[in-house]
Amino acid sequence: MNNIAEIKKNFLHLDCEAETNRIKTEIQQVISKKLKRRGVVVGLSGGIDSSATVGLCQKAMGKDRVIALLMPERHSSDDTLDLSRMVADQFGVQTIDENITGILESLGFYKRYDAAIQSIIPEYGKNWKSKIVTSNILENKGFTFFSVIAESPDGNIIKKRLDLKSYLEVVAATNFKQRTRKLLEYYHADRLNYAVAGTPNRLEYDQGFFVKLGDGAADFKPIAHLYKSQVYQLAEYLGVPDKIIKRPPTTDTYSLSQDQEEFYFSLSYEKMDICLYGKNNDIAMETIASLAGLTIEQVKRVYKDIDQKRSTTRYLHLPPVLIEKIPEIVI
């Protein structure tokens, strides 16, 4: 695969029919043989990954054995619920609505989050909106750093760099959201004797873009081997609504609209997929630079960032560490 034209022709191409059948069979085997459960619970956000996961689970288990859990909160996008219901209707699966705002209030999330932002922007308060953004790895030659962007009720925008303490407090607070959602997913899975499906794609799984014991927790993860570009192909094949497919990837975590590129990856998923695929398959850096529309120096920076994220997020993938192995328990 050293010819650029051939790489462009075959690059990340997915035989969607064959892959759907393969995943369908694997899900059936996992649920019935390994997990011994009756059905599947999926947290449905209205994004491409959870939508494709619902479609795959419906193919494998049938519409009556898939529950789509809708879990918006105060900061969620206005169209989150509508898009989620659109997907559920498309695949004919049952939905359960669990607005988690009240739970987050009881945990003190909103107060903790606001306090962290106020440590950087003292005037931040009621009816303000905000999000966290990362530095651009193509421009930044040093360490990655994060900034907060806040919008006042009258539309004034303030951007300030976060110090480490404030950044960690913001992340720790927002992690309440993913862990609360997972708690509800397992509640419904336990009462129905169902399994919980995780929804990360390969880019997210590889680069640690998930919360430990939050959206990283699941009984099985049916699309974790697929690059995001391949998930889009699969979603189209499965019949995920076009409005979902055309929606920019978003974290739907902060009150200001935020995409994954500005929060975590610094590049579009298309370019990140190309770079990750190239690195994983030892494709010449010159070829990857040409395909991604980057310079060789920029590709080197992306590769360095991939390695750094793999290193710093490795603990997210680790099971609880035992001081001594328990021989009677085989994992």
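This is a predicted model: local features need pLDDT of at least 70, side-chain atom pairs count only at pLDDT 80 or more; totals for chains, interfaces and linings use all residues.

Visitor: How do strands of a sheet pair in general?

Guide: Strands of a sheet pair through backbone hydrogen bonds, and the pairing may be parallel or antiparallel. In this model, strand β2, residues 66-70, runs parallel to β3, and four bridges join the two.

Visitor: In what order do the strands of the open sheet lie?

Guide: The order is β3-β2-β1-β7, four strands with parallel pairing. At the edges are β3 (94-97) and β7 (195-197), each of which pairs on one side only. Neighbouring strands of this sheet are turned against each other by 30 degrees on average, with direction ignored.

Visitor: Which strands does helix α3 lie across?

Guide: Helix α3, residues 48-61, lies across β1 (40-43), β2 and β7. Its direction is at about 165 degrees to that of β1.

Visitor: Which residues touch the most other members of the largest nonpolar core?

Guide: That core has 63 residues, and those with the most contacts to other members are Ile27, Val40, Cys57, Phe220, Leu234 and Val302. Helix α3 supplies the largest share of this core, seven residues.

Visitor: What does valine 40 touch?

Guide: Leaving aside residues up to four places away in sequence, valine 40 touches several residues, including Cys57, Met61, Val66, Ile67, Ala195 and Phe220.

Visitor: What other core lies apart from the largest one?

Guide: There is another core of 30 residues, among them Tyr110, Ala173, Leu184 and Tyr254.

Definitions and conventions:
Residues are numbered from 1 along each chain as its sequence is written. Side-chain values use heavy atoms; hydrogens and water are left out. Two strands pair if DSSP finds at least two bridges between them. Axes are lines fitted to C-alpha atoms, for helices over the stretch in contact, and angles run from 0 to 180 degrees between N-to-C directions. Contact means heavy atoms within 4.5 Å. A nonpolar core is a set of buried Ala, Val, Leu, Ile, Met, Phe, Trp, Tyr and Cys residues joined through side-chain atoms within 4.5 Å. Buried means under 20% relative accessible area, exposed over 50%, partly exposed in between (1.4 Å probe, protein chains only).
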